Amino acid sequence: MGERKYFGTDGIRGRANSHPMTAEVALRVGLAAGRLFRTSDDRRHLVVIGKDTRLSGYMLEPALVAGLASVGMDVRTFGPLPTPGVAMMTRSMRADLGIMISASHNDYADNGIKLFGPDGYKLSDEIEMKIEAMMDEALGEDLAQSDKLGRVKRIDDAPPRYIEIAKQAFPKRLSLKGLRIAIDCANGAGYRVAPTTLYELGAEVFSVGVEPNGLNINADCGSTHPQTVSDAVKRYRCDIGIALDGDADRVIICDEKGQVVDGDQIMALIGLDWAKRGSLNGNGVVATVMSNLGLERRLQAEGLKLERTKVGDRYVMERMREGGFNIGGEQSGHIILKDHATTGDGLMAALQVLAVLVEKGVPMSELARQFEPVPQLLKNVRYSSEAPLETDNVKAVMAKAEADLNGSGRLLVRKSGTEKLIRVMAEGDDEALVKRVVDDVAEAVAKSS
């Protein structure tokens with residue numbers, strides 16, 4: 001596959017109003033994707049677009065719309081809606097393409113463009129590369145005749161439709177009545193739909209991070225700053241806290257004492273519950289190479305397996321589809337429940353946790369630690385040389401580290417997909433050994449670059 005010019009591991013992303021996150025690039029995405037998904041039959045073609053609450057969304061959305069309409073695609077815009085909601089609506093409305101404008105958990109200064117196919121799944125690498133190739137063609141190529149231009153409408157019923165679908169995912173036999181829930185919506189895309197869903201299911205809801213102003217998305221709030229929801233739980237004496245990120249496709253939970261529960265514990269909680277009910281497919285869970293060894297051991301103790309993929313929710317989903325799994329995710333709180341959604345969905349995952357909490361009738365703190373995590377340490381090392389991991393010294397230090405951990409832990413060294421960083425991670429039962437191994441490898445990498 002050729003070198004990618006625009007698309008990264010999760011769509012196109014960058015600092016708003018500088019390349020590639022400019023109005024011009026958004027216009028080119030609209031033109032290229034519109035042409036690619038406009039088949040030769042005579043029917044009208046439809047694209048749906050959602051966004052989070054960043055200021056720059058108001059610049060990128062009209063540019064995308066202009067590109068799409070100019071090649072004859074009809075467009076429906078939703079305004080703020082979680083990424084999984086856009087994926088759902090793409091499928092539900094039989095659209096040819098779905099687009100989400102968001103940079104997920106990054107701060108307001110960044111933005112991104114993610115594309116979904118008609119099935120609600122993220123586009124394949126091959127299709128993204130085709131779009132890239134078409135983006136650099138002349139802007140006047142293959143435009144629609146003036147009577148065939150796309151029609152554009154803002155529609156307001158996407159959030160209520162998403163709320164109804166989310167409520168369906170909560171078991172009918174249960175209710176959230178009597179539960180006090182704190183929810184932090186990161187001043188992002190879930191700021192209306194998430195509290196409303198919980199309220200309509202019967203909970204008493206205490207919301208924070210629900211006053212977006214275009215600049216405060218993910219600012220000291222949301223799943224990347226769990227302290228905020230933890231404080232809210234204590235302040236309002238809640239039974240559980242839920243923190244979403246800016247586009248609401250990931251979630252972090254905290255218990256009634258304000259202690260944080262990460263994505264690995266959430267996967268264990270939901271996976272073991274579903275296994276008991278006989279609704280876990282694939283006899284296991286899919287996670288990435290970053291997930292804690294403790295999760296793997298806990299699942300193995302129950303006769304279940306943990307399959308690992310490269311970092312990135314698209315790789316988790318690919319493996320889930322290949323292997324017939326219905327639960328997968330990342331330690332960061334990206335939880336994919338294939339029975340309910342085609343991409344990570346923070347609210348859906350939270351509802352599954354709430355179902356277990358209500359059913360068991362115990363405090364969240366008793367469910368929060370499904371396994372004892374083994375000590376895990378991650379260090380990031382900046383690099384400038386082309387192949388910092390290829391030197392003999394680095395290879396030798398890594399080989400020694402592997403030998404030292406021998407069976408009681410593991411070492412993972414990889415390049416970041418988004419920055420010029422080498423990530424050195426080790427985990428194992430002996431915390432001092434883990435620290436030494438990470439320090440040694442990080443030092444060797446730093447010297448070689």
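In the predicted model, residues Val25, Arg28, Val29, Ala32, Ala33, Arg35, Leu36 and Phe37 of helix α1 are in contact with Ile127, Lys130, Ile131, Met134 and Met135 of helix α4. Sorted by class, this contact between α1 and α4 comprises ten nonpolar residues, three charged residues and no polar ones. Among the charged residues are Arg28 and Arg35 on the α1 side, while Lys130 is a charged residue on the α4 side.

Helix α1 spans residues 23-37 and helix α4 spans residues 125-135. The two helices pack with their axes 9 Å apart, at an angle of about 120°. The arrangement of α1 relative to α4 is therefore oblique, since the range counted as roughly perpendicular ends at 115 degrees and roughly antiparallel applies only over 145. The crossing of these two helices is right-handed.

Turning to the cysteines, the structure contains zero disulfides. Cys185 takes part in no disulfide, and the nearest cysteine sulfur to it, belonging to Cys221, lies 9.4 Å away. A disulfide is assigned to a pair of cysteine sulfur atoms within 2.5 Å. For Cys238, the closest cysteine sulfur is that of Cys254, at 8.7 Å, which is too far for a bond.

Both Cys185 and Cys238 were also examined for accessibility. Cys185 has a relative accessibility of 0% and so counts as buried. Cys238 is likewise classed as buried, because its relative accessibility is 4%, and the cut-off for this class is under 20%.

Key. Residues are numbered from 1 along each chain as its sequence is written. This is a predicted model: local features need pLDDT of at least 70, side-chain atom pairs count only at pLDDT 80 or more; totals for chains, interfaces and linings use all residues. Side-chain values use heavy atoms; hydrogens and water are left out. Axes are lines fitted to C-alpha atoms, for helices over the stretch in contact, and angles run from 0 to 180 degrees between N-to-C directions. Helices (H or I, at least four residues) and strands (E, at least two) are DSSP runs, numbered from the N terminus. Angles under 35 degrees count as roughly parallel, over 145 as roughly antiparallel, 65 to 115 as roughly perpendicular and the rest as oblique. A crossing is left-handed if the near helix is turned anticlockwise from the far one by less than a right angle, and right-handed if clockwise. Contact means heavy atoms within 4.5 Å. Buried means under 20% relative accessible area, exposed over 50%, partly exposed in between (1.4 Å probe, protein chains only).
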